[in-house]
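Trainee: Please take me through this model and say what lies behind each label.

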Amino acid sequence: MLGKLNHVAIVVKDVNAAAAVYRDTLGAQVSEPKAHPEHGMTVISVNLPNTSIELQQPLGADSPLSNFLLTHADGGIHHICYEVADIFASRDKLVEQGARVLGGAEPKTGPHGKLTLFLHPKDFCGTLIELEQA
Ligand code: CO
């Protein structure tokens, strides 16, 4: 079912400061910040040869990421995103096996313009998993 690792998301207080660490200290190539008000976040991508790291800063009062910073004051890994060839078939198989899909079982369009869904961390080794249609 799982394809490529699409990205690892790290939630941070200040996305520009985080990008500077990746660019200047770690020598990585980083993108310009991009605001996604509909998803409550500003994102900078760290482009690695085999995947990317998404630095995500909460945007707006209702950002779903704000709570994360209350319990992770320095920021931290938020989720891992894997690509799947058929998000609907993957969802059906996972639900059949008892896995819980967060926020309703219908895939939603994510910041990449592709269908995504999130799986409950308690069902997957304590890790929030995002699946994205490849
Ligand atoms: Co993501």
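**Pockets**

Mentor: Strand 8 contributes 3 residues to the lining of the largest pocket, the most of any element. A strand is a DSSP run of E with at least two residues, a helix a run of H or I with at least four, and both are numbered from the N terminus. The model is predicted, so local features need pLDDT of at least 70 and side-chain atom pairs pLDDT 80 or more, while totals for chains, interfaces and linings use all residues. Residues are numbered from 1 along each chain as its sequence is written, and side-chain values use heavy atoms, without hydrogens and water.

Trainee: What makes a space a pocket, and what makes a residue part of its lining?

Mentor: On a 1 Å grid over the protein atoms alone, a pocket is an open set of points with protein on both sides within 12 Å along at least five of seven lines, whereas a cavity is a set where a 1.4 Å probe fits but cannot get out; lining residues have an atom within 4 Å of a point. The largest pocket holds about 470 Å³ of space. Its lining has 27 residues, and those closest to its centre are His39, Met41, Thr116, Phe118 and Glu130. Two or more lining residues come from each of strand 5 (52-58), strand 6, strand 7 (108-109), strand 8 (115-119) and strand 9 (129-133).

Trainee: How many residues of each class are in that lining?

Mentor: There are 9 nonpolar, 12 polar and 6 charged residues. Ala, Val, Leu, Ile, Met, Phe, Trp, Tyr, Cys and Pro count as nonpolar, Asp, Glu, Lys and Arg as charged, and the others, Gly among them, as polar. In the second largest pocket the lining divides into 8 nonpolar, 1 polar and 3 charged residues. That pocket has a volume of about 150 Å³. Helix 1 (residues 15-25) gives the most to its lining, with 4 residues. The lining includes Ile10, Val12, Leu55 and Gly75.

**The cobalt ion**

Trainee: Which residues coordinate the cobalt ion?

Mentor: His7 and His79, each through NE2, and Glu130 through OE, at 2.0 to 2.1 Å. A donor is an N, O or S atom within 2.8 Å of the metal (3.2 Å for Na, K and Ca), so these atoms qualify; water is not among the atoms, and sites may look incomplete. Along the sequence the donor residues follow the spacing H-x71-H-x50-E. Histidine 7 is in strand 1 (residues 2-11) and histidine 79 in strand 6 (residues 76-84), so the pair ties together parts that are 72 residues apart in sequence.

Trainee: Are those two histidines described as buried or exposed, and what is the rule?

Mentor: Histidine 7 and histidine 79 are buried. Buried means under 20% relative accessible area, exposed over 50%, and partly exposed in between (1.4 Å probe, protein chains only).

**Cysteines**

Trainee: How many disulfides are there, and how do you know?

Mentor: The structure holds 0 disulfides. A disulfide needs a pair of cysteine sulfur atoms within 2.5 Å. The sulfur of cysteine 125 is 17 Å from the closest cysteine sulfur, that of cysteine 81, so a bond is ruled out by distance.

Trainee: Why is cysteine 125 called exposed?

Mentor: Its relative accessibility is 80%, so cysteine 125 counts as exposed. Cysteine 81, at 0% relative accessible area, is therefore called buried. Cysteine 125 is in the loop between strand 8 and strand 9, and its phi is positive, about 60 degrees, although it is not a glycine.

**Single residues**

Trainee: Why is leucine 131 called buried?

Mentor: Leucine 131 has 1% relative accessibility, so the label is buried. This residue is in strand 9. Its contacts (heavy atoms within 4.5 Å), not counting residues up to four places away in sequence, include Leu2, Tyr82 and Leu117. Leucine 131 and leucine 2 are 129 residues apart in sequence and 8.5 Å apart in space, C-alpha to C-alpha.

Trainee: What about histidine 36?

Mentor: Its relative accessible area is 8%, so histidine 36 is buried. Histidine 36 lies in strand 3 (residues 34-36). Beyond four places in sequence, it touches Met41, Val43, Leu59 and Pro111.

Trainee: Why does leucine 26 get its label?

Mentor: Leucine 26 has 55% relative accessibility, so it counts as exposed. Leucine 26 sits in the loop between helix 1 and strand 2. Its C-alpha is separated by 38 Å from that of phenylalanine 88, which is 62 residues apart along the chain.

Note on methods. Grid points are joined across faces, edges and corners, and a volume is the space filled by probe spheres set on the points.
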